[in-house]
Amino acid sequence: MSDLQITDAVRLPRRRAAHAPVGPLLPLSVSGLRLDIPRGTLLDGVDLTLPRHGCTVIMGPNGAGKSILLKLLHGLLAPTAGSVSWNGLPATEATARQALVFQKPVLLRRSVAANLDFVLKARGGNRARRDALLADVGLAHKARQPARSLSGGEAQRLALARALATDPEVLFLDEPTASLDPASVQVIERIVGEACARGTRIIFVTHDIGQARRIADDVVFLHRGRVAEHSAAAEFFPEPRSLAARDYLAGRIVL
Amino acid sequence: MQDIGEAFHLALSLVLSGDADLFEIVGLSLQVSLSATLIACAIGLPVGALLAVSRFRGRGAVLVLINALMGLPPVVVGLLVYLYLSRSGPLGFLGLLYTPGAMIVAQTILIVPIVAALSRQVLEDLHGEYAEQFRSLCLTRWQSITTLLWDGRYALMTVGLAGFGRAAAEVGAVIIVGGNIDHLTRVMTTAIALETSKGDLPLALALGIVLLVIALGVNAGVQMLRMSAARQASYGAAANV
């Protein structure tokens, strides 16, 4: 759950999508990232390097700073200290080439199709692309229905389709399958997997250990606003190095 | 009680007989108030939307000012417009004084703050919901404003109705800048004021009843339009790319 809304204190200058530079956005390099708010520190000393391809899963107990880290990487929040470098670009200049799917989908008060048209129009997309995206997420038959009448799973699939309509180089997903039924989870994992196979860099926040096992290439484990561990999924799940990650995977309470 | 019964009877007979004077007054009232509402919406809605999405030094003071202007006394507005439009005033060359145009100007000034303040509140709530998504999509301020105005259009119809209600019920400003001239600037409210001052209470009450029925009709019409448009937008043809 997003536990921090953008406030005046952390509001960033407005950016335009135009004149996006060419060249890959990855690798990502995060150094000494810190975010303070009046009531305390949410993230501190986060160092991270992500390779060009694959699916990174960010895990950790509630309040560990997962959603905050995602927003800092996406350029929605400004750090108090430290830097985010997308292959040399600051986070705020990379936002236009990325997309974020929020835990609670934010859908416009329009039809399902019009929600996609909204982003496709600005990017020169056409009706065929819209129909293909809707078919891909299993919503073609609901194109004319009001987006706000969709079920939770359908709404999240539409939000995912809208994110993919922007052809992002990096796709952030903030617990997109929280409280969804298994069928919707399966559809979302399939679509995310296909996007990843096409070369979209995936950064996925989840609490679901089973899901993380299925989709992760590498895992970043956050604890109390710090990176407790960052390792390949093949190493993390059988043998986590940090005590917090071991407790978390074992189902013990991690505070 | 006798007056009220007589007023109902007179109102009915005026309407049913197709009284030309009555319909002229009603027509001018609608023309003036609807024109003022449309112009005020054209000005006030973008201003409200801009205030909803903008953060700047002194924004709080601007909001207080706009909210305060919702309570502008009509006679003060009428007096100011009169001074500007009178022959010796800076806009006297327009020759608008004692015309429906002057009445539209006065009513527009009265209801722009209402439309701007109420739409700002409606759109700020909506923006609170959309803000992070807008930032993620890198929308420009203009794109954010147009999106908010479109998505908030049904709630904004109620804002427009509030403006229309204020305009249609207003008498102080239009009587100063319009002059209540028969067959030229006489509207429902000024006619009611005139008939009351003449002691013709049944006719004044009859006009009041007609005014209420018109206000009710306009509100009902907008409500039906709103419901129909909402259904259309929700289930109708999706916008083509």
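In helix H1 of chain A, the buried residues are Lys66(A), Ser67(A), Ile68(A), Leu69(A), Leu70(A), Lys71(A), Leu72(A), Leu73(A) and His74(A). The structure described here is a predicted model. Helix H1 spans residues 66-74 of chain A, and nine of its nine residues are buried, so the helix is largely enclosed by the rest of the structure.

Strand E9 of chain A, residues 218-223, was examined in the same way. Six of its six residues are buried, so strand E9(A) is also largely enclosed by the rest of the structure. In a regular strand, side chains alternate between the two faces of the sheet. Asp218(A), Val220(A) and Leu222(A) lie on one side of E9(A), and Val219(A), Phe221(A) and His223(A) lie on the other; with all of these residues buried, both faces are covered.

Strands of a sheet pair through backbone hydrogen bonds, in either a parallel or an antiparallel sense. Strand E9(A) is paired with strand E3 (residues 55-59) of chain A, to which it runs parallel, through four bridges. Within this pairing, Asp218(A) of E9(A) has Thr56(A) opposite. Strand E9(A) also pairs with strand E10 (residues 226-232) of chain A, here in the antiparallel sense and over six bridges. In E10(A), Ala232(A) stands opposite Asp218(A). The hairpin formed by E9(A) and E10(A) has two residues between the strands, and Arg224(A) in this hairpin takes a positive phi near 55°.

An open sheet in chain A consists of four strands in the order E2-E1-E4-E5, with antiparallel pairing. Its edges are strand E2 (40-50) and strand E5 (89-90); each has a single partner strand, so one side of each is left without a neighbour in the sheet. Strand E5(A) is paired with strand E4 (residues 81-86) of chain A over two bridges, in the antiparallel sense. Ser85(A) has Pro90(A) in E5(A) as its bridge partner.

Beyond its neighbours within four places in sequence, Thr177(A) is in contact with Val185(A), Ile188(A) and Gln211(A). The side chains of Thr177(A) and Gln211(A) are joined by a polar contact of 3.0 Å. With a relative accessibility of 68%, Pro182(A) counts as exposed. The C-alpha atoms of Pro182(A) and Gly153(A) are separated by 9.5 Å, and these residues are 29 apart along the chain.

Chain B contains 10 helices and zero strands. Its C-alpha atoms fill a box of roughly 65 × 50 × 35 Å along the principal axes. Of the 241 residues in chain B, 45% are buried. Among contacts in chain B between residues at least 6 apart in sequence, 74% join residues at least 24 apart. The accessible surface of chain B is about 11600 Å², and carbon and sulfur atoms account for 70% of this surface. Chain B carries 13 positive and 14 negative charges, whose mean positions are 17 Å apart.

Conventions. Residues numbered from 1 in each chain as written. Chains lettered and ligands numbered in written order. Predicted model: local features only at pLDDT ≥ 70, side-chain atom pairs only at ≥ 80, totals over all residues. Heavy atoms only, no water. Buried < 20%, exposed > 50% of the residue type's maximum accessible area, 1.4 Å probe, protein only. Contact = heavy atoms within 4.5 Å. Areas by Shrake-Rupley, 256 points an atom, 1.4 Å probe, with all protein chains shown as cover. Lys, Arg positive; Asp, Glu negative; His and termini not counted. Charge placed at Lys NZ, Arg CZ, Asp CG, Glu CD. Polar contact = N/O pair within 3.5 Å; in protein donor to acceptor, adjacent residues only side chain to side chain. Pairing = 2+ DSSP bridges.
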